[in-house]
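Here is a short briefing for someone meeting this structure for the first time. Look at the sequence and the fold, then read the points below.

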Amino acid sequence: MSEQPAQSSTITVSGALRSPEWIVNPGLLPYPEAVAFMEDRAAKIAAGEADEMVWLVEHPPIYTAGTSAKDEDLVDRRFPVFATGRGGQYTYHGPGQRVGYVMLDLTRRKKDVRAFVHDLEEWLIQTLALFNVKGERREGRVGIWVARGNREDKIAAIGVRVRRWVTFHGVSLNVDPDISHFDGIVPCGIREHGVTSLADLGITASMADVDVNLKAAFRAVFGDMHT
């Protein structure tokens, strides 16, 4: 079992709310534990009982099915499959991939889910730019893409849920995962394009390096945070 954020420092909040917390979870966190934590935290944020939060985690190898997932896109059930309430289709999570769960109160920001997703995209694009990687949006395709000659590969995925105007779930960025693990699904239902990672692009970066750049880019897009 992996550690989750300390109950004393991240769940109970006294006095004025600050926004948002930035927590890095050590080790590999079982996916059901992550979902349970997010559900609880989002409810507390909506009730004014907890801070907004960005939670960086890694999971053991799993496939998750969003609300638009199609049975035929699960090609090989080689890892556990979890149905989840986030938007989107099938996604892989595993070691070497940084998952960022973003729990923000849009009533305190802007009640616009489309604008929030655009900001998540911008967060990833600016993070990649700090590694001299040009990440791009593509019309009709979710996530962030990298042009590679005659093809385009996906380097980051996005899937969110909003309840009572509080966001949860979030993004995943491929740092150095086993790319072959994506072969068990049709990622996000897109068959004609591939998957890449920072390592696949020839960039050697530790997860700590990625976290530093994620934090800098998050501050640029969403504003300040506390730790």
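Start at helix α4, whose buried residues are Met207, Val210, Asp211, Asn213, Leu214, Ala217, Phe218 and Phe222. The cover over these buried residues includes β1 (21-28), β2, β6 (97-103), α3 and β10. The model is a predicted one. Its protein chain holds 4 helices and 11 strands.

**The chain as a whole**

- The protein chain has 227 residues, and 52% of them count as buried.
- Its accessible surface is about 10100 Å². Carbon and sulfur atoms account for 49% of that surface.
- Take the contacts between residues at least 6 apart in sequence: 69% of them join residues at least 24 apart.

- Helix α4 has 16 residues. From first C-alpha to last, α4 reaches 21 Å, close to the 22 Å expected at 1.5 Å a residue.
- Glycine 223 follows α4 and has a positive phi, near 110°.
- Helix α2 (residues 31-46) also has 16 residues. Its reach from first C-alpha to last is 23 Å, again close to the expected 22 Å.
- The buried residues of α2 are Tyr31, Glu33, Ala34, Val35, Phe37, Met38, Arg41, Ala42, Lys44 and Ile45.
- Just after α2 comes glycine 48, with a positive phi of about 75°.
- An α-helix has 3.6 residues a turn, so residues three or four places apart point the same way.

**Nonpolar cores**

- The largest nonpolar core has 32 residues. Phe116, Leu120, Trp123, Ile155, Leu198, Val210 and Phe218 have the most contacts inside it.
- Which elements give two or more residues to this core? They are β2 (53-58), α3 (113-129), β8 (141-148), β9 (151-163), β10 and α4 (207-222).
- A second, separate core has 19 residues. Leu29, Met38, Met103 and Phe168 are among them.
- In soluble globular proteins, nonpolar side chains tend to be buried together.
- Leucine 198 belongs to the largest core. Beyond its neighbours within four places in sequence, leucine 198 is in contact with Leu128, Phe131, Val133, Ile155, Asn174, Val175, Ile203, Ala205 and Val210.

**Asparagine 174**

- Asparagine 174 sits in strand β10 (residues 166-174).
- Is asparagine 174 buried or exposed? It is buried, because its relative accessible area is 4%, and the cut-off for buried is under 20%.
- Its side chain makes a polar contact with the side chain of glutamine 97, at 3.0 Å.
- Residues up to four places away in sequence aside, asparagine 174 touches Gly96, Gln97, Lys154, Ile155, Phe182, Val195, Thr196, Ser197 and Leu198.

- Most residues other than glycine have a negative phi.
- Asparagine 132 has a positive phi of about 60°, although it is not a glycine. Asparagine 132 lies in the loop between α3 and β7 (136-138). At 76% relative accessibility, asparagine 132 counts as exposed.
- Histidine 169 also has a positive phi, near 60°. Histidine 169 is found in strand β10. At 3% relative accessibility, histidine 169 counts as buried.

- Strands β7 and β8 pair in the antiparallel sense over 2 bridges. Arginine 138 has arginine 141, in β8, as its bridge partner.
- The hairpin of β7 and β8 has 2 residues between the strands. There, glycine 140 takes a positive phi near 80°.
- Strands β8 and β9 run antiparallel and are joined by 5 bridges. Alanine 147 has glutamate 152, in β9, as its bridge partner.
- The hairpin of β8 and β9 has 2 residues between the strands. In this hairpin, glycine 149 takes a positive phi near 70°.

**Glycine 88**

- Where is glycine 88? Its place is the loop between β4 (81-83) and β5 (90-93).
- Glycine 88 touches Gly66, Thr67, Ser68 and Ala69, not counting residues up to four places away in sequence.
- Glycine 88 and arginine 161 are 73 residues apart along the chain. Their C-alpha atoms are separated by 9.9 Å.

Conventions. Residues numbered from 1 in each chain as written. Heavy atoms only, no water. Buried < 20%, exposed > 50% of the residue type's maximum accessible area, 1.4 Å probe, protein only. Contact = heavy atoms within 4.5 Å. Areas by Shrake-Rupley, 256 points an atom, 1.4 Å probe, with all protein chains shown as cover. Polar contact = N/O pair within 3.5 Å; in protein donor to acceptor, adjacent residues only side chain to side chain. Core = buried A, V, L, I, M, F, W, Y, C linked by side-chain atoms within 4.5 Å. Pairing = 2+ DSSP bridges. Expected span 1.5 Å × (residues − 1).
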